[in-house]
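Before reading my notes, please open the sequence and the model side by side. The points below are meant to be checked against the coordinates one by one.

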Amino acid sequence: MSVALRDRLQETREFRLRLGLIAAFIVIAFAVLAARWAYLQVSQHAHYQTLAENNRISIVPIVPNRGLILDRNGIVLADNYSAYTLEVTPGKLRNLDATIAALSEVVEITPRDRKRFSKLLEDSHSFDSLPIRLRLNDEEVARFAVNRYRFPGVEINARLFRRYPLGQRAAHVLGYIGRINDKDLQDLETREESSNYRGSDHIGKVGIEKSYEKQLHGVTGFEEVETDAGGRALRSLKRNEATSGSDVVLTIDIKLQEVAENVFAERRGALVAIDPRNGEVLALVSVPTYDPNLFIDGIDQANWDALNNSPDTPLTNRALRGAYPPGSTIKPFMALAGLTTGKRGPSSAIHDPGFFSLPGGSHRYRDWKAGGHGVVDLKKSVVISCDTYYYGLARDLEIDALAEFMAQFGFGRPTGIDIENEAGGVLPSREWKRKRFKQVWYPGETVIAGIGQGYWQATPLQLAHATATIANDGLLIRPHLVRAIRASASGAEQQTIKPLATQLNVRADHIAFVKDAMHAVTLPGGTAARAADKAEYAFAGKTGTAQVIGIKQSEKYDEKKVAERHRDHALFIAYAPAQNPTIALAVIVENGGHGGSTAAPVARAIFDYYLLGKVPGAAQAEEEPEDAEHD
Amino acid sequence: MPNTINIGYWVNRFLGRFDGWLLAFSGALAVLGLVVLYSASGQDMDRVGDQLRNIAIALLVMCVVVHLSPKWLEQIAVPLYVLGVLMLIAVALFGQVRLGARRWLSVGPISFQPSELMKFALPIMLAWYFQKREGRLHFFDFCVAALIVAIPAALIVRQPDLGTALLVSASGIYLLFLAGLSWKLIIGMGVLAGASLPLAWSMLHDYQRQRVLTLLDPAQDPLGAGYHIIQATIAIGSGGSVGKGWLHGTQAHLDFLPERTTDFIFAVFGEEFGLAGNLSLLVVYLCLIGRGLYIALRAATPFSRLLAGSITTTFFTYAFVNMGMVSGILPVVGVPLPLVSYGGSSMLTIMIGLGILMSIHAHRPLVQG
C-alpha cells in the first residue's frame, strides 16, 4: 500500500516537474517571438517602413509568350497576336454601371461585350483587371487617352491574344485556353506552380492546350522594380527574363482533317485516322464542332447556350468520349479470336438458317438477312457480315475468354493517347457485370456480344487503334497527337513520345487470313463493295451498324425527331493500301443507317485524298451537282 | 414552485461545467480574430458573418463536449483510436482526392478528414494507456506508445499532409514526455533524430524541401513561397511599436499579402497593431495556456492530467508555429492561428479541445490531497 502511495506521490512530483519544464519552454519560445518582433518592429522598423510606404520594391512578373501549335507540315493552328484592350478593375470603382455607361460614350461597347463582361465578373475577384473591350483600334486608344483622367480604375493594356486562325477546324484536338478560374488556381497551387502563373490570365482548358499546358506556357520571369507610393515604377533593380513556351508540333495533317470534316457535311459523327506504322494520329474528327476563339476571353451567354443546349452536343468530343456499340466492325477481331483459340479454323463452316438459338432455348437471335446466308465459312462470315456465325462463335468462346482476347486490342480501357479526358468504353465480362450491376451474366448476353451489341461500347479512337493494330500485323502502338516539342528560342526539336509498342500474341497466318477477309469486304460481293468501286488502290475494311437502343419518353411525342435520332449508327473501320498500309481509320456516322452506304464512302474520300491527293468536294460537285440537294 | 427550482438546478449544473477563465481568454481571442478579419478581408461583412457562424457551431459542439466526463473518455479511448486508424486506412484505400492530397472520407453527403479526429483520439488513447500501466512503466511501454503514435502519423504523412502529421505526433510526444519518458531515452532519441535528419531530408518531396530552403533564403523564390515570407516580414516590420492602426495597414490592403484572412492573418494584425498589439496577443495566449497547464496540474487522475497537458501544449504549438512562420523564423506549413484565423474546421478542433479541458476541470478533486 504505502509503496504504491509513495510511487504515486513520486509520479505526481515528476509530472509537476515536467509540466514546469514545458511551461519554461513555452515562456522561452514566446520570448524568442517577442525578440524577433522587437527586431523587426523596433530596430529594423525604419527599414521596413521605407520598403512599405515610401519606396516599395514590387516584383513584377514577366509573362512568357505562349507556344504555337502547328500541324505536321508546319501549318499554324494556334498563335498569338498583340492588341490593345480596355480593362476595368471593379474593386477600384465606386459605381461600376455608371463607369461603363460613361465609357461607352468614349469607346463603343456592344451589348455582347457587356454580357461577356458580366459573365467574367461572376467568376473573378474584385481586384482582377477585366477586359471590357478587346482589340481597340488606334483612334479608340487615342480617344480614351484624352479622357483617361475621368476614369480611375480603367486602363488600356497591350496584350498578347491567343488565336485559332482556322476557326473550328480540329477544335476538338486543339481545345482552347480560357481565363484562370478558382478551380484552376487551386490545381496550380496543389502542383506548386501558382508562382509561375503570376501575371498570367489564361490557361489551357481543353484538348492539347490543356494536356500540353506545361510546355506551351513557358516560365514566368520577374523584374524587381522600385516604385513610389502611387505604385509608379521608379527604376528596375533586377530582371530575369521569361522563357517562352515551347511550340507543339502535332501529328495531325490539317489538310486531311479538313477533307474529313467536310465529308461529314451536316451529319453528326466522328473519325479517327492513324498511321499504323507509328501510332501517329493523322486526323481526329468530331462533328459538329465549335469555334474555340469564342472561349478565350469568356464566351457570351447566347453563344454558350447555343453550344451547351444543342441536341447535337458540339462540345462533346465524340472521337475520345463517344461510346458506341461497335456492332459488326468487331467481327474481324472475333474471327481472329476464333482462330487463335482454335475454336474455329479457316474452313469451319455453318449452315445459316437466318437465326441462332441457344440449346434448349426458344429465343431466336436473328441474322440481319431474313432466311439466312446458306453455307458460310469463316472468310465469308466477315465478307457478308453473317450474324448467325458469330452468335455461335461467341457462345463457344464464352464471354470471359472473349473479353480477355479483346482487351489485348485495347477495348474496355483508354488507349493512353496524349490528350486529356479520354473515355475507356465498356468491354463486358462476368466480372464487369457483377461490379457494375451486381448481377450474374446470362448466356444470351454472350451471344449478342458476338456481334458487338449489348453492353459493349467502344470509342471511335479505340476502334481506329484496334484497326491499326490489325493493319500492323498485331503490333500494338499507343496512339499520340504530338510529334515534337520545339523550344521556341533555340528551335531545337525534341521528340516527345516514344510510342509504347507491344507485339500481341497472335499468329502471322491468322492475321493474314483476317486481313484477306477484310480486303474481300471491299471487293464485289462484300458489304463495302460499292464504296470501293473504281478505287485506284486496294483497301480493306469492315462495315458495322449499331442499334440505338431505348427511346426516351420525353421525346416520344415528336415522331419525326424520334425517327431521325433513333436511326442506327453507321460504322466503318478500314485501312489502306491493303498491302503495307499507311493509314487506318474508324468512322461513325450517327443515325446514318448502314455502315456500307453511309460510313464507308467517308473512308473512301479520306483514302482518296491521303493516297492520291484527290479533294472530294470539287470532283463530286462536277459529277453530281444534284446530289447536294438530295442530301 | 418546484419547477423553477428544478430549472435553476439544471441551469446551474449546465453552466457549472464551463470554466470562466478559459471562456474569457478564448472569447477575447475570437473577438480579436473577428476584428482583424474585418480589416484583412477588405471590410467584407459576409466573411465576418461566416466566421461568426463558424464560432457558433464550434460553441454548440463545445457545449456537448463539456458534458462528456473524463471517465467516459477513458472508456471510449480504444474504440475511438481504432476507429480513427481504420478511417485513416480507409482514406488511403478509397479516400477522395482534393487538391492532389488524399485526405477526405465521404459517407453519404458528409465528408470529413479523419486526421482531424486523430488530433484527439491519439492523446486520449495514450493517456488511457499510461493510466492503465501506471506505476509500472518500463522501456517496453514506451515502445508500445511510440507505435501508437507512429501508426496514425505514418498514415497521415502518406496523404500527404506533413503539417498535420507533425502536429499529431507532437501531441503524442508531449504526452510521452509528461508520462515520464526517461531522460536517457529522451537524449537518445534526440541524438537519433539528429542523425536521421539527412535520411528524412532524402525522403521529403521536392516542394517540401523547397519550403525549408526558402526559409533559409527567401530571396531565392521571390514569386512563390519566399514572396509570402518577404511580404509578411515587411508588413510586421513596418507596423512599428504601435502599428498603423486598425484598417490602415497598407501592405495587407494593397494585395501584397497572400492568404491574409487565414494562415497569414497575424501579419495583418502585426502591421495594424504593432509590437504593442503583438505582445498583448502573446499575453492572452500565455494566460490561456497557463490556465490549461493549471487544469492539468489540478486534474484528478493520471489520465486527465496527461490529456490536459497534451492538449494545452499542442495548442501552444499551433500558436507558436503559426506566429513563427509568419514572422519568418519557422518554415511555412499550413497551420492556422488558433481562434483567430478564418476557417471552420480549425475553430471546431480547438473548441473541442477547450471543451475537454473544461470537463477535466469540472471533475477535479474538490479537496487537494
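The numbered points that follow go from the overall make-up of the chains to single residues.

1. Basis of the note. This is a predicted model, in which local features need pLDDT of at least 70 and side-chain atom pairs count only at pLDDT 80 or more, while totals for chains, interfaces and linings use all residues. Residues are numbered from 1 along each chain as its sequence is written, and chains are lettered from A, with ligands numbered from 1, in the order in which they are written.

2. Make-up of the two chains. Chain A holds 24 helices and 23 strands, whereas chain B has 14 helices and 3 strands; helices (H or I, at least four residues) and strands (E, at least two) are DSSP runs, numbered from the N terminus. Of the 631 residues in chain A, 43% are buried, and for the 369 residues of chain B the share is 46%. A residue is called buried if 20 or more other C-beta atoms lie within 10 Å of its own, exposed if 12 or fewer, and partly exposed in between, with C-beta atoms placed from the backbone.

3. Contacts along and between the chains. A contact requires that the C-beta atoms of two residues, placed from the backbone, lie within 7 Å. Among contacts in chain A with a separation of 6 or more, 74% involve residues 24 or more positions apart; in chain B, 70% of the contacts between residues at least 6 apart join residues at least 24 apart. Between the chains, 41 residues of chain B are in contact with 41 residues of chain A. On the side of chain B that touches chain A, helix 12 of chain B gives the most, with 10 residues, and the residues of that side divide into 21 nonpolar, 18 polar and 2 charged. Here Ala, Val, Leu, Ile, Met, Phe, Trp, Tyr, Cys and Pro count as nonpolar, Asp, Glu, Lys and Arg as charged, and the others, Gly among them, as polar.

4. Nonpolar cores. A nonpolar core is a set of buried Ala, Val, Leu, Ile, Met, Phe, Trp, Tyr and Cys residues joined through C-beta atoms within 7 Å. The largest has 134 residues, of which A:Val272, A:Leu585, A:Val587 and A:Ile606 touch the most other members. Helix 22 (residues 595-612) of chain A gives the most to this core, with 9 residues. Because domain 1 (59-250) and domain 2 (254-630) of chain A both give residues to this core, it lies between them; the domain bounds come from an automatic or database domain assignment. Leaving aside residues up to four places away in sequence, A:Leu585 touches residues including A:Val272, A:Ala464, A:Ala574 and A:Ile606.

5. An open sheet in chain A. Five strands of chain A, in the order 12-11-23-22-21, form an open sheet with antiparallel pairing, where two strands pair if DSSP finds at least two bridges between them. Strand 12 (280-287) and strand 21 (540-546) of chain A are the edge strands, each pairing on one side only. Strand 11 and strand 12 of chain A pair over 7 bridges, and A:Asp275 stands opposite A:Glu280 in strand 12. In the hairpin of these two strands, which has 4 residues between the strands, A:Gly279 takes a positive phi near 80°. Strand 12 of chain A is mostly covered, as 8 of its 8 residues are buried.

6. Backbone features to inspect. Most residues other than glycine have a negative phi, and most peptide bonds are trans. The peptide bond from A:Val287 to A:Pro288 is cis, with omega near 0°, and A:Pro288 sits in the loop between strand 12 and helix 11 (301-309) of chain A. Another cis peptide bond joins A:Ala576 and A:Pro577, with omega about -15°. A:Glu398 has a positive phi of about 70° although it is not a glycine, and with 15 other C-beta atoms within 10 Å A:Glu398 is partly exposed.

7. One loop of chain B. The loop between helix 13 and helix 14 of chain B contains B:Leu339, whose phi is positive, near 70°, and which is buried, with 27 other C-beta atoms within 10 Å. B:Leu330 is found in the loop between helix 13 and helix 14 (344-362) of chain B, but counts as partly exposed, with 16 C-beta neighbours inside 10 Å.
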